[in-house]
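Colleague: I would like to go through this model with you, one question at a time. Please end each reply on the name or value I asked for.

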Amino acid sequence: MSDTTTQPRGGIGRIVGASLIGTTIEWYDFFLYGSAAALVFNTLFFPSADPLVGTLIAFVTYAIGFAARPLGGIVFGHFGDKIGRKKLLVLSLLMMGGATFAMGLLPTYEAIGVWAPILLTVLRLVQGFALGGEWGGAVLIVSEHGGEKHRGFWASWPQAGAPGGNLLATGVLSLLAAVQSDAAFQSWGWRIPFLLSGLLVMIGLWIRVSVSESPVFLEAQAKAEAAAAAGAKEEAPVVEVFKRSWRDVLSAIGTRFGENISYYILTSFLLVYVTTHLGLSKSTALNAVLIGSAVHFVTIPMWGALSDRIGRRPVTLIGSVGMAVWAFVFFGLVDSKSFVVITLAVTAGLLLHGAMYGPQAAFISEMFDTKVRYSGASMGSQLASILAGALAPIIAVELLKDYGSSTPISVYLCAAAVVTTITVAVTRETLGRDLTRSRHEEPAATPSAVAAGDRA
């Protein structure tokens, strides 16, 4: 089999950097928006005295960013499969970072009335739309550049953007809290983290415009152009995905299901649980997540590298089976109210999450053929975000409110991990797949076969 290890312009490190900067900005924006919504947006943009604005509160907050993601995944996926990964990565970065930067310039409700929350809503929709296309392009361009032997390791680096963005956003907010008064932050200081996104975008663009297009995509594009010249008709990628690769889309959704829910339970919901149920300070949960995220960032590529040795499925199953068990241990440790024990609980949970998350980029990329890979991977991942991540904190809060106990939440988290376990168990191994060939042309290689080939 061929191995697409042709050295890209700037090296694989630049390709990885171009993808990592985008996913880091994605999560920086996500966590930043969530923090600002709790700290300042509720008073500066959504004063409860106005009934219309009160209605907009429910429309603009948590779920709206997720709602636009599948549409972004479909649109970016279609054009990414038609004109290339690189162009769409540049566009997604401009839209995503530009929307965040614009949030930092928005007049407040006091200045322009109801137009302030309306504009904020529109910008949040732009963010969600752009983010829907970001993940697929970021992991694909790395997967298609990295070659078969180390694809899991290289493709896992964009995944590290989640804890990286969390660390960056929290670090900036903590720094501002240390040097500013509450009045200054409420007046103008909150704008600084959003305007900082403009600097991140410029760095990201400098990296992204200098990388080369995926050689795997260029080869597939040349074949498609030759077929079109010969008179062959080709369906839109999204149509072909639903007609021929719908099982792979379901596999991608199931693979992400437990991973996505566990992440938001371990990070976002933890803040609610620690403060409202246990009566501890926000800093207790925040610092525990910060420490866990630092470990998470370092270990995600390690899990990706392990998947290059033993397979995507075994590593993912380590995480999903482990999370199903940890779901019941986690809250018991958190209930100790000890910062050290809570930190250990979060860190261990994020380690298990990393086992699902690290191999995921290569695993899902390898499920689809090149001509529909961007569309298929984006649809699978973003539909999972709607079904899993968008609802996870809301469901967890409702369960806590109705039952006053963590046990139903543990059952919910365990069930999500079981869904991923079953999905991965029935999905065939993709390690060693030649991305230049159709799934119908070549069966997926087993880890033992890949190892034998390497020794030969």
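What follows is a set of questions and answers on this predicted model.

Colleague: How many helices and strands are there in the protein chain?

Modeller: The chain has 456 residues, and 56% of them count as buried. Among contacts between residues at least 6 apart in sequence, 86% join residues at least 24 apart. As for secondary structure, the count is 22 helices and zero strands.

Colleague: Which helix gives the most to the nonpolar patch?

Modeller: The patch on the surface is formed by Ile291, Phe339, Val340 and Leu344, with about 370 Å² of accessible area together. Val340 has a relative accessible area of 54%, so Val340 is exposed. Val340 lies in helix H17. With three residues in the patch, the helix that gives the most is H17 (residues 339–357).

Colleague: Is Thr108 buried or exposed?

Modeller: Thr108 sits in the loop between helix H5 (85–103) and helix H6 (109–112). Beyond its neighbours within four places in sequence, Thr108 is in contact with Leu44, Phe45, Gly113, Ala116 and Arg191. The cut-off for burial is under 20% relative accessible area. Thr108 has 15% relative accessibility, so the residue counts as buried.

Colleague: How many residues of H19 are buried?

Modeller: Helix H19 runs over residues 373–389 and reaches 22 Å from its first C-alpha to its last, close to the 24 Å expected at 1.5 Å a residue. H19 is mostly covered, and of its 17 residues the number buried is 14.

Colleague: Which helix holds both Glu259 and Arg256?

Modeller: The side chains of these two residues, Glu259 and Arg256, meet in a salt bridge at 3.4 Å, N to O. Glu259 has a relative accessible area of 2% and is buried, and Arg256 is buried as well, at 6%. They are three residues apart, about one turn of the helix, and that helix is H14 (residues 246–277).

Colleague: How far apart in sequence are the parts that Arg433 and Asp369 tie together?

Modeller: The side chains of Arg433 and Asp369 meet in a salt bridge of 2.6 Å, N to O. Arg433 counts as buried at 2% relative accessibility, and Asp369 counts as buried at 19%. Because Arg433 lies in the loop between helix H21 (407–426) and helix H22 (447–455), and Asp369 in the loop between helix H18 (360–365) and H19, the parts tied together are apart in sequence by 64 residues.

Colleague: What is the N to O distance in the salt bridge between Glu398 and Lys401?

Modeller: Both residues lie in helix H20 (residues 392–403), three residues apart. Glu398 counts as partly exposed at 36% relative accessibility, whereas Lys401 counts as exposed at 58%. Their side chains meet at an N to O distance of 3.2 Å.

Colleague: Which residues are linked in a network of salt bridges?

Modeller: A search of the whole structure finds eight salt bridges. Side chains of opposite charge can pair when their charged atoms come close. The residues linked in a network are Arg151, Asp308, Arg312 and Glu366.

Colleague: What is the C-alpha to C-alpha distance between Cys414 and Ala324?

Modeller: Cys414 is in helix H21, and at 18% relative accessibility it counts as buried. Apart from neighbours within four places in sequence, Cys414 is in contact with Ala324, Ala327 and Phe328. Cys414 and Ala324 are 90 residues apart in sequence, and their C-alpha to C-alpha distance is 4.2 Å.

Note on methods: Residues are numbered from 1 along each chain as its sequence is written. This is a predicted model: local features need pLDDT of at least 70, side-chain atom pairs count only at pLDDT 80 or more; totals for chains, interfaces and linings use all residues. Side-chain values use heavy atoms; hydrogens and water are left out. Helices (H or I, at least four residues) and strands (E, at least two) are DSSP runs, numbered from the N terminus. Buried means under 20% relative accessible area, exposed over 50%, partly exposed in between (1.4 Å probe, protein chains only). Contact means heavy atoms within 4.5 Å. Patches are made of residues with over 30% relative accessible area and no salt bridge: like charges are joined within 9 Å, nonpolar side chains (Val, Leu, Ile, Met, Phe, Trp, Tyr) within 5 Å. Accessible areas come from the Shrake-Rupley method with a 1.4 Å probe; for residues, only the protein chains shown count as cover. A salt bridge is a side-chain nitrogen of Lys or Arg within 4 Å of a carboxyl oxygen of Asp or Glu. The expected span of a helix is 1.5 Å times one less than its number of residues.
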